[in-house]
Amino acid sequence: MRNVLDWHVRIGDLGRRLLWLQLLWVAHTLLGAVVLGIAPATAAVHAVLRRDQMAAEGWPGTAERERLPREFHRAWRRELVPANAVGLPLVAGWALVLLDHRLLRTTEVAGAGALQVLLWVLTLVLMCVTATVWVLQAHFAEGPFRVLRRALVLVVARPLISLGGAAVLAATACLYYVVPGLAVVFGIMAPAWVTTALVWRSGILPRPAATSDGEPTAASDGAPTPALAPAR
């Protein structure tokens, strides 16, 4: 009975934290006039969730943390430029893919069937990258193009993890379509939490060392071996 009660408390705490993060995400998206705010707000969400994973594993410096609004705002300010540098290529990629889908449906092109298959493959790859790149952006102390490259490498090297992230996005979109009210409450928080847990617990991310103030140490590029790869 006590175990059941503990699970209810944990689920309630998680739901409250995700709701709080959703409100912070909306506020900081608006703070950046939406266009420049949505990418750093999304990156800040994953930065906080990453620290949650580290705290759950007892990493040094993660027990004592700032209040959630302050931690989120600091992450948002830190990611204001890097996250937009990651987000803009993704937006351009999605715009191009959606435009190509529309053109193939409305025009007759030789070899349209093969082009359609290729386009769906590119769409799936883009969805995989979109699902996992923010976890990598929160973890690695690298430039945006290297982070995007890591996301592409992850699609090839660990396809099940990338496909799992894409499946989370697809399932969430379907669930929000069936129950629109859930999108208002949890928004990107639910897929972000699941994807962060999926990638973190897969063991592919190097475990960063923490400094005395609790901030993980940054590093530059390293070998592709997970244990040697750079982390924040």
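Me: How many salt bridges are counted in this structure?
Reply: The model is a predicted one. A salt bridge is counted when a side-chain nitrogen of Lys or Arg lies within 4 Å of a carboxyl oxygen of Asp or Glu. By this rule, the count is six.

Me: Asp52 and Arg65 meet in a salt bridge; how many residues apart in sequence are the parts that the pair ties together?
Reply: The side chains of Asp52 and Arg65 come to 2.7 Å, N to O. Asp52 belongs to helix α2, while Arg65 sits in the loop between α2 and α3 (68–78), so the pair ties together parts whose separation in sequence is 13 residues.

Me: Which residues are linked with Arg65 in a network of salt bridges?
Reply: Arg65 forms a salt bridge with Asp52. Arg65 also forms one with Glu71, where the closest N and O atoms are 2.6 Å apart. The residues linked with Arg65 in the network are Arg17, Asp52 and Glu71.

Me: Is Glu71 buried or exposed?
Reply: A residue is called buried when its relative accessible area is under 20%. Glu71 has a relative accessible area of 12%, so Glu71 is buried.

Me: Glu66 and Arg70 also meet in a salt bridge; which class of accessibility does Arg70 have?
Reply: The side chains of Glu66 and Arg70 are 2.9 Å apart, N to O. Glu66, at 30% relative accessibility, counts as partly exposed. The cut-off for exposed is over 50%. Arg70 has 54%, and therefore counts as exposed.

Me: How many of the 19 residues of α2 are buried?
Reply: Helix α2 covers residues 38–56, and its end C-alpha atoms are 27 Å apart, which agrees with the span that 1.5 Å a residue should give. Just after α2, Gly58 takes a positive phi of about 80°. The helix is mostly covered, and its number of buried residues is 15.

Me: Where does α5 bend?
Reply: Helix α5 (residues 112–139) holds Leu122. The helix has 28 residues and reaches 40 Å from its first C-alpha to its last, close to the 40 Å expected. The bend is about 35°, and its place is Thr132.

Me: How far apart in space are Leu122 and Gly93, C-alpha to C-alpha?
Reply: Leu122 is partly exposed, with a relative accessible area of 45%. Leu122 and Gly93 are 29 residues apart in sequence, and their C-alpha to C-alpha distance is 9.6 Å.

Me: Which helix supplies the largest share of the nonpolar patch?
Reply: The surface patch consists of Leu19, Trp20, Leu23, Val184 and Val185, with about 450 Å² of accessible area together. At least two of its residues come from each of α1 (2–31) and α8 (180–186). The largest share is three residues, and the helix that supplies them is α1.

Me: Is Gln22 buried or exposed?
Reply: Gln22 lies in helix α1. Leaving aside neighbours within four places in sequence, Gln22 has contacts that include Val184, Val185 and Phe186. Its relative accessibility is 5%, so Gln22 counts as buried.

Me: How many residues are in the protein chain, and what percentage of them is buried?
Reply: The protein chain has nine helices and zero strands. Among contacts between residues at least 6 apart in sequence, 69% join residues at least 24 apart. The chain has 232 residues, and the buried share is 38%.

Terms used: Residues are numbered from 1 along each chain as its sequence is written. This is a predicted model: local features need pLDDT of at least 70, side-chain atom pairs count only at pLDDT 80 or more; totals for chains, interfaces and linings use all residues. Side-chain values use heavy atoms; hydrogens and water are left out. Patches are made of residues with over 30% relative accessible area and no salt bridge: like charges are joined within 9 Å, nonpolar side chains (Val, Leu, Ile, Met, Phe, Trp, Tyr) within 5 Å. Accessible areas come from the Shrake-Rupley method with a 1.4 Å probe; for residues, only the protein chains shown count as cover. Helices (H or I, at least four residues) and strands (E, at least two) are DSSP runs, numbered from the N terminus. Buried means under 20% relative accessible area, exposed over 50%, partly exposed in between (1.4 Å probe, protein chains only). Contact means heavy atoms within 4.5 Å. The expected span of a helix is 1.5 Å times one less than its number of residues. The bend at a residue is the angle between axes fitted to the seven residues ending there and the seven starting there.
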